[in-house]
Amino acid sequence: MKRPVFSFEAEILTDAPFEVVVARLRNPGSDGFRSLQSLQGWQVPLMEDGRLILRWTRALSGAEESGALTVSPDPKGAHLRLEGRMKGWGSFLFFGLLRWRTDRLLDRLVEEL
């Protein structure tokens, strides 16, 4: 039997300098982003093709969530892209009924800039 999958993506262009955003994302301490501390399972940040990529994976009550936050340079600032998916029967509870979505994470992150 197949398991349901919910996907989400969001992106935003900020006026914050790319270097500042990357430096804060690499620092998990007090200079980092509080909004990202709620997600468990972050992998080591990876620089690839001039972009910083942060990936995460976590299990939530019968659902598996995974995704990536990509920060790319732009002449106007930093371009943030968030992609993720939640897989499993528990995702109906989180995504469907509670309308809980990690894509709001991007809004909270931009507020902290």
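Helix α3 (104-112) lies across β1, β4 and β5 and runs at about 150° to β5. Such angles are taken from 0 to 180 degrees between N-to-C directions, with axes as lines fitted to C-alpha atoms, for helices over the stretch in contact. Helices (H or I, at least four residues) and strands (E, at least two) are DSSP runs numbered from the N terminus.

The model is a predicted one, in which local features need pLDDT of at least 70 and side-chain atom pairs count only at pLDDT 80 or more, while totals for chains, interfaces and linings use all residues. Residues are numbered from 1 along each chain as its sequence is written, and side-chain values use heavy atoms, with hydrogens and water left out.

**The sheet**

Five strands, in the order β1-β5-β4-β3-β2, make up an open sheet with antiparallel pairing, where two strands pair if DSSP finds at least two bridges between them. From one strand to the next, the twist averages 20°. Helix α1 packs on this sheet, where it touches β2, β3, β4 and β5, and its direction makes about 145° with that of β4.

| Strands | Bridges |
|---|---|
| β2 and β3 | three bridges |
| β3 and β4 | nine bridges |
| β4 and β5 | 11 bridges |

Individual partners can be named within these pairings: M47 has L52 in β3 as its bridge partner, R58 has E65 in β4, and G67 stands opposite G84 in β5. The strands β3 and β4 form a hairpin with two residues between them, and S61 in its turn has a positive phi of about 35°. Two residues also lie between β4 and β5, which form a hairpin.

In the loop between β2 (46-48) and β3 is D49, whose phi is near 55°, a positive value in a residue other than glycine. D49 is exposed, with a relative accessible area of 71%; exposed means over 50% relative accessible area, buried under 20%, and partly exposed in between (1.4 Å probe, protein chains only). By contrast, T70, in strand β4, counts as buried at 8% relative accessibility. Neighbours within four places in sequence aside, T70 is in contact (heavy atoms within 4.5 Å) with R51, L52, I53, H79, L80 and R81.

**The nonpolar core**

In soluble globular proteins, nonpolar side chains tend to be buried together. A nonpolar core is here a set of buried Ala, Val, Leu, Ile, Met, Phe, Trp, Tyr and Cys residues joined through side-chain atoms within 4.5 Å. The largest one has 19 residues, of which V21, L25, L36, L69, V71, L82 and L109 touch the most other members. At least two residues of this core come from each of α1 (18-26), β3 (51-60), β4 (63-74), β5 (77-87) and α3, and α1 gives the most, with four residues.

Within α1, the residues F18, V21, V22 and L25 are buried. Seen down the helix axis, the buried residues of α1 fall within an arc of 95°, so they line one face of the helix; the arc is that of the directions from the helix axis to the C-beta atoms. These buried residues pack against β3, β4, β5 and α3. For V21, again leaving aside neighbours within four places in sequence, the contacts are A16, F33, V71, A78, L80 and L113.
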